[in-house]
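Hi everyone, thanks for coming. Let me put the structure up on the screen, and then I'll walk you through a few spots.

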Amino acid sequence: MYVGPASSTRATCAPPATRSLNPECAIDRAASERVHVCWARAQSGDLFRFFLYDATNVADRSSLRAIVGEPAELLTWRFGTVARGELLNLAEAIQLDAPPPSMTSNPADLVSVSHRLDNSTTLTNADVAKILIVTIADYLEQMVETNGWCVPPRV
Amino acid sequence: MRRRDHHQVDQATELYPGDGKPAIAMHWMSSICHAIRSHLEVTPPVFHGCSTVLSRADETAARDAYWHAVLSEATLEPQEMEALLTFAAKTNPFIAEPLALLAQLSFRRGEHAAAATYAAAALERFYPLASAWDKRRSFAHWVGFARMLHLRASRLLQGLPGLPAASTTQVSTFGAALHSIPAIVAQLP
């Protein structure tokens with residue numbers, strides 16, 4: 001799933017709504033999504049059991065920052081350390097099919113969320129949206145019955 | 001309690017890798033996507049640009065119809081399979097695989113215009129998702145299958161041989177004409 005125009009490769013791709021049957025842009029989107037998800041997983045987890053970079057280690061965070069840049073590193077750190085199930089009541093949406101609440105309109109409005117290292121933290125609406133869209137892309141790639149996002153409750 | 005994820009738990013209750021049955025998740029994905037869309041830098045094409053929310057009931061009904069069709073090929077009549085796949089494609093507008101298989105069923109019957117239409121429709125669903133829903137085959141496999149069906153159906157519709165670029169010098173052991181892969185790829189949709 002194409003999740004954003006963060007790379008020069010994606011900037012050359014046709015608009016997402018293209019009706020072209022040529023797969024190049026679709027493949028590019030898939031690759032871009034996997035890159036996002038891969039880095040998002042780097043400092044997990046809130047759910048994911050493994051990590052590549054230690055989210056509590058300054059040197060590890062610095063190493064990742066040198067590769068992906070400061071904004072992306074901060075986003076991946078948050079992705080792996082906040083309780084994503086609280087964001088827009090994601091856990092209830094998954095478990096109970098409950099519709100998510102409406103977000104406030106200002107992208108800079110802050111949302112409080114539990115944090116596995118800092119007890120709690122705040123995220124902007126824009127960051128909440130980024131974390132949730134990568135969460136969707138992440139699960140689309142592993143969406144088979146033998147994965148257990150629904151049973152037992154994991155979000 | 002079922003413990004199904006083979007890496008996240010020490011004692012998974014189901015054998016790896018399972019049968020590949022699609023999970024039920026698009027209902028919450030589409031509702032969350034819809035809820036966050038105004039705060040995304042780029043609205044992704046998935047779920048009609050985050051504008052359509054799929055109900056859990058529709059997602060489940062579509063998945064179950066599809067799964068019944070693909071697992072029961074030996075006992076279902078083609079018309080029954082077509083009805084199940086049509087229902088799946090209509091009930092869940094985000095999944096491409098039922099359309100790809102409807103293209104194959106049409107192609108089998110010699111209905112090449114319908115086959116090409118279904119194959120094109122499948123590709124138009126594959127690309128926004130950029131991931132296979134039926135993960136028994138990869139995204140690239142499914143896209144390749146649909147593209148080849150589109151090519152063959154379109155060519156037959158024009159009165160051409162189903163595959164282009166037949167070799168004039170080579171045949172297989174069984175006498176079938178050999179075809180250049182690069183030449184075929186050049187003509188794919």
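Let's start at Ala103(B): leaving aside neighbours within four places in sequence, Ala103(B) is in contact with Ala115(B), Tyr118(B), Ala119(B), Ala122(B), Ala146(B) and Leu149(B) (contact means that the C-beta atoms, placed from the backbone, lie within 7 Å). There's also a second, separate core of 5 residues, which includes Ala42(A), Ala55(A), Leu64(A) and Trp77(A). By a nonpolar core I mean a set of buried Ala, Val, Leu, Ile, Met, Phe, Trp, Tyr and Cys residues joined through C-beta atoms within 7 Å. Buried means 20 or more other C-beta atoms within 10 Å of a residue's own, with C-beta atoms placed from the backbone.

Quick housekeeping: this is a predicted model, where local features need pLDDT of at least 70 and side-chain atom pairs count only at pLDDT 80 or more, while totals for chains, interfaces and linings use all residues. Residues are numbered from 1 along each chain as its sequence is written, and chains are lettered from A and ligands numbered from 1 in the order in which they are written.

Back to the cores. The largest one has 69 residues, and Ala103(B) is among those that touch the most other members, as are Leu132(A) and Ile32(B).

Ala103(B) is also one of the buried residues in H5(B), a helix covering residues 97–108 (helices are DSSP runs of H or I, at least four residues, numbered from the N terminus). So how enclosed is H5(B)? Largely, because 10 of its 12 residues are buried. The cover includes helices H3, H4, H6 and H7 of chain B. After H5(B) comes Gly110(B), with a positive phi near 80 degrees.

Notes. Helices (H or I, at least four residues) and strands (E, at least two) are DSSP runs, numbered from the N terminus. The expected span of a helix is 1.5 Å times one less than its number of residues. Two residues are in contact if their C-beta atoms, placed from the backbone, lie within 7 Å.
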